[in-house]
Amino acid sequence: MNIKIILKYIISLEILLWTSVAVFSQSCPFRSISVAEGLQDLIVNALYKDSLGYVWIGTASSLERFDGVHLKSFPIPGENGKRKDVNVIVEMPGHELWMGNRTGLWKVDGEKLLQVATDTIRSGVYSLCSDGKGTLYIGSESGLFIYNSKGMERILLDPNILSGANFIMGMVLDDQDTLWAVTRKGLYSVILSDKSVLSYPCLIDGQEYENEYNNIYNQGSILYLGTTERGIIAFDKYTHRFTHWMDLGHVTSLSGNGKDMLYVGTNGNGAYFVSTNEKRIIRSFRHEPGNEKSLRSNSVYSMLVDRDGLVWIGLFQFGLDYTMYQSGIFSTYSFPPFFDSEGLTVRTIELRDGEKLIGSRDGLFYLDEKRGLFRSFRSPELRSNMIMCTYTFHDHYYIGTYGGGMYVLDPLTMKLRDFDVREPSPFIKGRIFGINADYDDNLWIATSKGLYCYKDGKQIRHYTNTNSKLPEGNIYGVYFDSTRRGWVYTESGLYIIESGSDRLITDRFPKDFIHDKLIRAVYEDSFHRLHFLPDKGAIYSSDLYLKQCRDLSSVEVLKGRNAMFMIEDKEGWYWVGTNNGLYRYKGDKIEEYNFADGVSSPIFLTCIPKIDKTGTIWIGNSNGLLFTNSDRIIKGRKYPYPLSITGVYDEMDNVIPVIRENAVKYNVDLKSRPKSLMIHFSAFTYTDPAYMSYEYQLEGDDTGWIKLAGKSEVVYYGLSSGNYVFNVRRIGDPASEISLVIHIPFVMNRWLWVLLGGIIILGTIVLLSSKLKKKSIKDTEDVESPATMKYKSCHISAEECRELLDKLESIMNAEKLYINPNLKISDLSDRLEAPVYILSYFFNQYLNCSYYDYINNCRISEFKKMVEAGEHNRYTLDTLIERCGFNSRATFFRNFKKVSGITPNEYIRKGEKTV
């Protein structure tokens with residue numbers, strides 16, 4: 001066999017093996033949801049994503065609804081906290097959400113949970129299965145129940161009601177109208193047409209096994225059964241044969257994609273994607289100490305891979321981890337097994353027929369995908385690892401570095417050589433900032449020692465501050481427009497190289513032009529307009545003759561951002577990378593791209609993008625080399641869910657019911673005029689909330705659209721009576737707009753009633769006015785303030801107040817009386833041995849606060865101490881609230897915001913970031 005063929009085969013095999021390993025060990029950035037985000041319990045037993053886009057989280061004590069930012073809790077009624085564990089969640093037609101726990105069957109009814117069929121289902125519910133047509137199959141501790149419009153029907157899998165066969169752990173409905181159930185006693189089937197029941201003892205190689213089944217999943221002719229001790233057992237529905245399929249430990253969760261993939265959660269071994277065709281693990285998620293991208297725990301209690309590909313993993317005592325949504329618009333370039341640009345600060349890109357040259361702060365990388373070649377260049381081979389510029393010229397690559405001079409790379413030999421050893425400064429030891437060629441095939445080089453021009457490898461010009469009008473200092477680049485005119489950008493501004501001559505021009509700029517500013521780049525578009533990108537400030541645009549000039553400060557999203565590059569794609573969109581975000585615009589259409597679109601970092605450098613022959617655009621980022629194309633953009637902008645109003649609250653955190661008329665219109669009808677109104681909304685993208693961007697407007701109150709970044713809520717204060725329309729949409733996407741109609745009723749307050757009463761008795765007042773006026777004048781001479789009158793008989797000195805304060809603080813620190821939610825001022829009076837009226841005077845006149853304000857401040861301080869001690873990682877937020885003395889969640893939130901200026905969740909997150 002030819003040696004080249006053998007080597008090619010070996011290399012291909014190595015690439016295949018590397019790819020398999022890379023897929024298996026692939027890690028993803030997880031977002032964690034715990035107490036800091038408002039999760040009520042850290043044990044997550046069940047997960048479900050409904051048709052509207054909400055994710056439902058079943059914990060050991062509550063049912064939670066998550067919209068990507070906000071958690072809404074549905075407390076489970078009842079005194080026995082040990083029996084509240086949510087085991088399963090399912091959706092029925094009409095967006096009805098049903099849940100089973102150890103006390104029975106429940107459904108979401110508006111803002112609360114309602115227990116269903118309490119006279120029939122009197123035991124725990126562990127499995128729910130919907131046929132999608134209105135029938136719900138309920139697996140309980142006491143048999144199977146079938147619920148539909150005809151009522152509730154019960155089927156015992158074993159006539160003996162106490163048999164383990166009637167304790168159903170999991171169910172699945174196949175396409176043959178058969179319901180399969182795993183129970184404490186084994187596998188059973190129910191033929192739904194005649195309700196007949198069959199049992200299937202687990203026989204493997206002639207030996208019968210007793211298996212504690214936990215869950216079941218059907219794929220084709222095979223049932224996959226998750227067990228406690230034997231991993232996954234497979235059962236063939238047609239041959240009725242059992243086989244040991246894969247030992248993954250204690251299987252707590254089992255689901256799949258209906259094709260070739262099983263999603264397996266385990267208690268102690270993490271989570272897995274398993275190919276049923278290849279019978280091997282494709283991907284795993286495990287806790288890896290020191291790896292922030294790994295799971296926080298290997299004790300997986302529930303797992304969901306939703307229809308958008310997000311992986312949700314419920315943990316024991318750690319809450320929820322999930323992979324954040326990315327639309328797939330952008331990808332980070334890699335060339336396995338040789339190169340991965342993730343984490344690389346990319347400064348330059350060169351593309352040429354399958355070749356890529358990538359310059360970074362950490363060296364130079366050359367790869368040829370067609371030939372399967374890769375080479376990296378770093379110190380000591382390079383005198384400097386910081387690549388400042390690259391340029392393709394005469395089939396070679398020219399490379400400029402910071403402090404290491406300039407090189408030439410021959411792609412055929414993949415070897416470097418020095419550009420010009422005759423000029424050690426700057427081409428051996430200096431700084432090279434820009435390389436470009438003009439229309440006469442001259443090579444221009446911008447350096448720390450002036451501007452050079454080479455022809456056929458020989459230096460023909462060298463501009464410095466001593467022989468030209470160039471200023472002293474660095475020359476950052478040169479750009480040639482379609483008129484063959486050269487634009488030179490320096491630290492002190494722009495200079496022009498006149499076409500057809502070697503003259504530098506500085507006096508042909510119009511008034512108010514930006515030629516005296518530091519310019520990062522110059523770019524000419526397909527309409528022959530020049531765009532100048534200053535170091536700071538708005539992009540400046542001009543025609544080729546500098547007659548029609550304007551800045552682009554009108555582009556709203558670019559305000560306050562510094563443009564690093566600009567390029568026009570084949571569809572006529574302008575791409576602008578900034579120091580804080582990536583944007584493209586066309587006319588009045590503006591789109592922003594961020595983490596949710598695959599952009600790994602919002603920070604871009606002065607790396608000029610490249611567009612290849614296929615229309616793919618390549619963009620250097622501070623965290624890798626990104627690429628996309630028009631097809632990806634079109635598909636990625638088709639969001640899976642519409643924007644929705646997810647909650648409305650008043651100043652007391654009371655929920656105001658929202659009526660959803662249709663997908664784009666909502667209504668709220670308030671019963672009274674609120675002091676404040678908070679509106680929650682979500683696009684259900686489940687990405688990092690910091691990268692969510694919207695614009696909103698309250699008709700009649702806001703004068704225009706207001707940008708909102710990093711938040712999904714808006715608060716309005718002091719709205720008067722009347723009707724309002726609140727509109728919100730994704731930035732630059734009018735088609736995503738939704739509306740909330742708000743009705744605030746007119747309510748006559750008590751002062752208006754007093755005024756009305758005053759008008760009625762006006763006649764009497766007029767008759768007695770003279771006498772009242774005299775008496776009023778006399779009274780004002782002796783009048784005292786209400787507070788003074790109230791405490792006129794209270795005789796306590798300032799020194800006695802200080803002694804009382806010392807005693808109060810000593811008792812509070814030692815005994816923490818404030819953790820008693822029913823503590824009254826009379827109780828404190830007894831403990832301090834001071835009359836109630838003395839304490840009232842002490843709080844209001846000496847401490848300038850009420851008794852309740854003082855006690856609540858103590859409770860808030862206690863909460864902060866518990867957070868500083870890490871108690872929020874062990875207990876739910878409600879538990880912490882109760883332990884510090886509050887008996888109302890709303891009261892706690894209101895007082896905490898009043899005292900601290902931020903919400904409890906923001907305080908917790910702030911504390912975690914400083915650790």
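P29 is partly exposed, with a relative accessible area of 35%; on this scale buried means under 20%, exposed over 50%, and partly exposed in between, using a 1.4 Å probe and protein chains only. The residue is found in the loop between α1 (3–24) and β1 (30–33), where helices (H or I, at least four residues) and strands (E, at least two) are DSSP runs numbered from the N terminus. Not counting residues up to four places away in sequence, P29 touches K293, Y322, T323, M324 and F595, a contact being heavy atoms within 4.5 Å. The C-alpha atoms of P29 and G710 are separated by 19 Å, and these residues are 681 places apart along the chain.

This is a predicted model, in which local features need pLDDT of at least 70 and side-chain atom pairs count only at pLDDT 80 or more, while totals for chains, interfaces and linings use all residues. Residues are numbered from 1 along each chain as its sequence is written, and side-chain values use heavy atoms, with hydrogens and water left out.

The mean pLDDT of the protein chain is 88, and 91% of its residues reach 70 or more; pLDDT is the predictor's confidence in each residue, from 0 to 100. Over residues 1–26 pLDDT stays under 50, and the model has 14 contacts for them beyond four places in sequence. The pLDDT is also below 50 over residues 774–793, a stretch with nine contacts beyond near neighbours in sequence.

S275 lies in strand β26 (residues 271–275). Leaving aside neighbours within four places in sequence, its contacts are W245, D260, M261, R280 and I282.

Helix α9 (residues 825–832) has L828, S829 and L832 buried. These residues lie on the same side of α9, because they cover an arc of only 105° around the axis, taken from the directions from the helix axis to the C-beta atoms. An α-helix has 3.6 residues a turn, so residues three or four places apart point the same way. The buried residues of α9 pack against α8 (798–815), α10 (836–846) and α11 (851–868). Just after α9, E833 takes a positive phi of about 55°.

α11 also packs with helix α13 (residues 889–900), at an angle of about 85° and with the axes 10 Å apart. The two helices are therefore roughly perpendicular to each other; the class spans 65 to 115 degrees, against under 35 for roughly parallel, over 145 for roughly antiparallel and oblique for the rest. Axes are lines fitted to C-alpha atoms, for helices over the stretch in contact, and angles run from 0 to 180 degrees between N-to-C directions.
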